[in-house]
Amino acid sequence: MLLILRAYDEEGRIERALEPEWLVTEVLFDLCHQRMKGGGLVSKILVGGVAAHVNRRLEIRGEDLRMSAKKVGVTLKSLGLRTEKLGRLGRGLQFGSILRREIHEIALQMGVDRRTITPLTALESGHGGAPCSLCEQLGLTGGLEFVEILKLRRDRHAPPPEPPSPPTPSEDNEDREAALPTSG
Ligand SMILES: [Zn+2]
């Protein structure tokens, strides 16, 4: 029974996955949990930057559709998210606590959760990344376990962690494509 429900859910997800609102929500929700090189959370992003993220995902999924920054701006408005002027560069979003909560609430409504934004490799291990109190509160963890990376390195004989290497686009591609169920 549970499996059947899950299958239906996946189908619905794929249909929704091309709606502008869904695409933008997915990217914003992902950005809420992304850490930058220094370890801090993403603090702001231009509307054009959101568009670039959306289009990269579409490209990885093999979709021809692309979203312009203007379309992203309209979509943000329809989601009830207000952009503000970020210096001279243009309009964008400032990731404060209010915006983070708003994005989490929109994600809840849209059916986006941590499982949606977690790469397949992490899904297989059941490890979904860093914990987030908003995700816990709103039930957006998708059943994944969230632990700080440091806690995983308990073994004192383990070799020191390798310096992080930037993910190659091809690697990402394979992961994402493998995540798409085949039709028929
Ligand atoms: Zn969260």
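Why does Arg100 count as partly exposed? Arg100 has 19 other C-beta atoms within 10 Å, so this residue is partly exposed. The class lies between buried (20 or more other C-beta atoms within 10 Å of a residue's own) and exposed (12 or fewer), with C-beta atoms placed from the backbone. Arg100 is found in helix H5. Leaving aside residues up to four places away in sequence, Arg100 touches Cys32, Phe95 and Leu134. Contact here requires C-beta atoms, placed from the backbone, within 7 Å. His33 lies 67 residues from Arg100 along the chain, and their C-alpha atoms are separated by 9.5 Å.

The model is predicted; local features need pLDDT of at least 70, side-chain atom pairs count only at pLDDT 80 or more, and totals for chains, interfaces and linings use all residues. Residues are numbered from 1 along each chain as its sequence is written.

The protein chain has ten helices and three strands. These are DSSP runs numbered from the N terminus: helices are H or I with at least four residues, strands are E with at least two. Along the sequence the pattern reads α-α-β-α-α-β-β-α-α-α-α-α-α. Of the 184 residues in the protein chain, 20% are buried. Among contacts between residues at least 6 apart in sequence, 63% join residues at least 24 apart.

The three strands form an open sheet in the order E1-E3-E2, with antiparallel pairing. E1 and E2 stand at the edges, each with a single partner strand, so one side of each has no neighbour in the sheet. From one strand to the next, the twist averages 55°. Two strands count as paired if DSSP finds at least two bridges between them. Strand E1 (residues 44-46) pairs with strand E3 (residues 90-94) in the antiparallel sense over three bridges. Within this pair, Ile45 stands opposite Leu93 in E3. Leu46 has Gly92 as its bridge partner in E3. Strand E2 (residues 84-86) also pairs with E3 in the antiparallel sense, over three bridges. Here the bridge partner of Lys85 in E3 is Arg91. The hairpin of E2 and E3 has three residues between the strands, and Gly87 takes a positive phi near 60°.

Two helix pairs were examined next. The axes of helix H3 (residues 47-60) and helix H4 (residues 69-78) come within 8 Å and cross at roughly 100°. H3 is therefore roughly perpendicular to H4. Axes are lines fitted to C-alpha atoms, for helices over the stretch in contact, and angles run from 0 to 180 degrees between N-to-C directions. Angles under 35 degrees count as roughly parallel, over 145 as roughly antiparallel, 65 to 115 as roughly perpendicular and the rest as oblique. On the H3 side, the contact uses Val47, Gly48, Val50, Ala51 and Val54; on the H4 side, Ala69, Val72, Gly73 and Leu76. By class, this contact of H3 with H4 has seven nonpolar, two polar and no charged residues. Nonpolar covers Ala, Val, Leu, Ile, Met, Phe, Trp, Tyr, Cys and Pro; charged covers Asp, Glu, Lys and Arg; the others, Gly among them, are polar.

Helix H2 (residues 20-33) also packs with H4, at an angle of about 85° and with axes 9 Å apart. H2 and H4 are therefore roughly perpendicular to each other. H2 contributes Pro20, Glu21 and Val24 to the contact, and H4 contributes Lys71, Val72, Thr75, Leu76 and Ser78. The contact of H2 with H4 divides into four nonpolar, two polar and two charged residues.

The largest nonpolar core has 22 residues. Such a core is a set of buried Ala, Val, Leu, Ile, Met, Phe, Trp, Tyr and Cys residues joined through C-beta atoms within 7 Å. Val24, Val27, Leu28, Phe29, Val50, Val54 and Val72 have the most contacts inside this core. H2, H3, H4 and helix H5 (97-110) each supply at least two of its residues. H2 gives the most, with seven residues. Not counting residues up to four places away in sequence, Val72 touches Val24, Val47, Val50, Ala51, Val54 and Met67. In soluble globular proteins, nonpolar side chains tend to be buried together.

Asp30 also lies in helix H2. With 19 C-beta neighbours inside 10 Å, Asp30 counts as partly exposed. Asp30 and Thr116 are 86 residues apart in sequence, yet 8.9 Å apart in space, C-alpha to C-alpha.

Definitions and conventions: Contact = placed C-beta atoms within 7 Å.
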